[in-house]
Amino acid sequence: MARFAFTSVLILAAKLASAQDQNETGQHPGWPRWCGKVYEAGYPSFEPGGHTTEPALINPDGSPNLYIQFKPRYSLYLQDENKGSFVVNAELSPWFGQPWTNSTSDGGSNTEPFTDLLFTISVTSPGDKEGKKLVEDSIPVNTTGAEFEFDLSDFTPRAIPYQVVLSGTSRYGDQNFTASSSFRYLGGPPMGSVTKIDNLNGGLLFRNRATNDTYVPLLPYGYYGLYNGSNSSAEAHDFVAGYSSSGKGLNAIVSLAGFADTNPVYDSMDQSRTMRFMFDLRGSYKNLTEVEQRVNTIKHHTSLFAYWTADEPDGWQAPFDLPPAAQELIHGLDPYHPVAVTLNCQDYYFGEYSSGADILMQDPYPIAINSTFSKWGTECNTTLGDCGCDNCAGNVQDVSNRLDDLIQYEKWLGRWPLPKFHNPQAFHGEDYWFRDPTTAEAFVMNALAFNRGATGIFAWTWPSSDELFDAHSQMAAVVTQPPVRDFLLSGRPTGSVYVAEFPLLDIAYWVRGDQVMVSVVNGAYEDIEDPLSLSLPVAATKVASVPFGGLTWELGYGQLTTGSLPGMSFSLIILALV
């Protein structure tokens, strides 16, 4: 969010005082800081700390260990589902895992390369299922994303997750490995909706009465939105219809001011077949009593898809334990919906502040900032200042760079990646941002996020300008529906294409079935006036469609070609494969 939006100077002062009284993290608590860095003139700069860095090599000679991780394919299963599956990673890692050598032997004459891990997955939770073997199979060493099915029909639905262990070995049993995980098997909710996280591909599945209790892919796209607070059902219905373009544009909202917990606007969203909402707990998440009351009030709505707790806790230097405590409570009160957290900083205690999230949102706002000198009268760099976008250059590439950073941090921490949503800038003001993004910049920033695997979009904030509302509605109409939605939710891009002559071209592609979708982003303001030909690493036969961008693309001799490429432009092209 825009950190000081819609506040007066008095409210700002109160917020700062409150933050200073609540055990701020980092150096010099009580000083005026953002992302751990002091931002007002008259204070010395200092190293803020909290950096996420590459771990030391686990072996001095640089040889890898075998790092086993596994999770259920989906974050939850319901009692009307008979089958589940686990996703197993058996990766060679320079930083994590257990000792591995590429040799297995029976101690006698039989020795061979250790290329396949034999494993079982068994229940460890106390009870009549303890020791039950769910999977017995093998996985090639240095493989990720392998899926293995198991039977759910013999389990009793319950609120407490079932604990499981993977026990792996080499062929001759001379090297052994273990890893732990859990899965949720729940009874059906008495009313309301269910959202699953796809732990393989990073997207969401959603079901409610309007979907006939069948899971459908959900790529939420909308705004952090304000409402006028009216208790009129007719006005609520008109709001939902106008915001969503009668179900043909935006499909989701984060409910901000004006959305009182019992407002009929939630009922209007329930009655819509397309609208979903993320419930705003940012003002409550530090008070668990209030969280409990509000979650119990809202959790039965059929259009609810997630909760939002901490808003920029890294920027505010909030205590580390607050987001995880709220997440744990919400999981207990409503295990059917995930919890989202928004991070603002480029690198301030990422591990700690992301630990309370099931969905990670990030909100760099780079357009029309002064990235080197702030309104507070200080320089902006890695140890000083706040220029509205932490450690940003002030261009659209700040979006892709930020997502690249977060992806890298998760790898360095040895974590399973969280789903990531992008929060695009749709505003100006506060003496940080001197104009709105153009519609072209809005398209490109979102496209760069999709090219990094983002699976949701929420712009700050609605109402925005008519131009940006129309632009986001136009884009949402394409990316939230098949076939584009299904490519974007099929996992991070299969690959990318680099064109040395045009370093600000950002090209990604997804292979799905007998088609490939190519995303071509020109992140430069200059046109490419000559014909542009792209060599693709997959064999395609024809252009099936151009869902977005309005340009003419042709395929011939293995080259995807267009006559020219406008500056700050985005195209989606779907090709048929051989």
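1. β17 and β24 pair in the parallel sense, over 5 bridges. Two strands count as paired if DSSP finds at least two bridges between them. Strands here are DSSP runs of E with at least two residues, helices are runs of H or I with at least four, and both are numbered from the N terminus. In this pairing, G222 stands opposite F458 in β24.

2. This is a predicted model: local features need pLDDT of at least 70, side-chain atom pairs count only at pLDDT 80 or more, and totals for chains, interfaces and linings use all residues. Residues are numbered from 1 along each chain as its sequence is written, and side-chain values use heavy atoms, with hydrogens and water left out.

3. β24 also pairs with β23 (residues 420-422), in the parallel sense, over 2 bridges. There F421 stands opposite G456 in β24. The strand β24 is mostly covered: 7 of its 7 residues are buried. Buried means under 20% relative accessible area, exposed over 50%, partly exposed in between (1.4 Å probe, protein chains only).

4. Helix α2 has buried residues A236, F239, V240 and Y243. Seen down the helix axis, the buried residues of α2 fall within an arc of 95°, so they line one face. The arc is taken from the directions from the helix axis to the C-beta atoms. An α-helix has 3.6 residues a turn, so residues three or four places apart point the same way.

5. What do the buried residues of α2 pack against? They pack against β17 (221-225), β18, α3 (264-271), β24 (456-462) and α10 (466-479). Contact means heavy atoms within 4.5 Å.

6. Check both ends of α2. At the N-terminal end, S232 is the cap: a side-chain oxygen lies 3.3 Å from the backbone nitrogen of A234. A polar contact is a pair of N or O atoms within 3.5 Å; within protein, one must be able to donate a hydrogen and the other to accept it, and residues adjacent in sequence count only if both atoms are side-chain atoms. Just after α2, S245 takes a positive phi of about 55°.

7. N251 sits in the loop between α2 (233-243) and β18 (252-255). N251 counts as buried, at 9% relative accessibility. Its side chain reaches the backbone nitrogen of Y221 at 2.7 Å. Leaving out residues up to four places away in sequence, N251 touches residues including P220, Y221, R276 and T480.

8. A search of the whole structure finds 46 aromatic pairs. For Y348 and Y349, the ring centres are 4.8 Å apart and the planes are at 85°, so the pair is edge-to-face. Rings of Phe, Tyr and Trp (its six-membered ring) pair if their centres lie within 6.5 Å; planes under 30 degrees apart count as stacked, over 60 as edge-to-face and the rest as tilted. Y348 is buried, with a relative accessible area of 2%. Ring pairs also link a cluster, with F239, Y243, W462 and F469 among its members.

9. An open sheet of 3 strands runs in the order β28-β31-β30, with antiparallel pairing. Its edge strands are β28 (532-535) and β30 (554-556), each pairing on one side only. β30 and β31 pair over 3 bridges, and E554 has T561 in β31 as its bridge partner.

10. T562 lies in β31 (residues 559-562) and counts as buried at 4% relative accessibility. A polar atom of the T562 side chain lies 2.9 Å from the backbone oxygen of T552.
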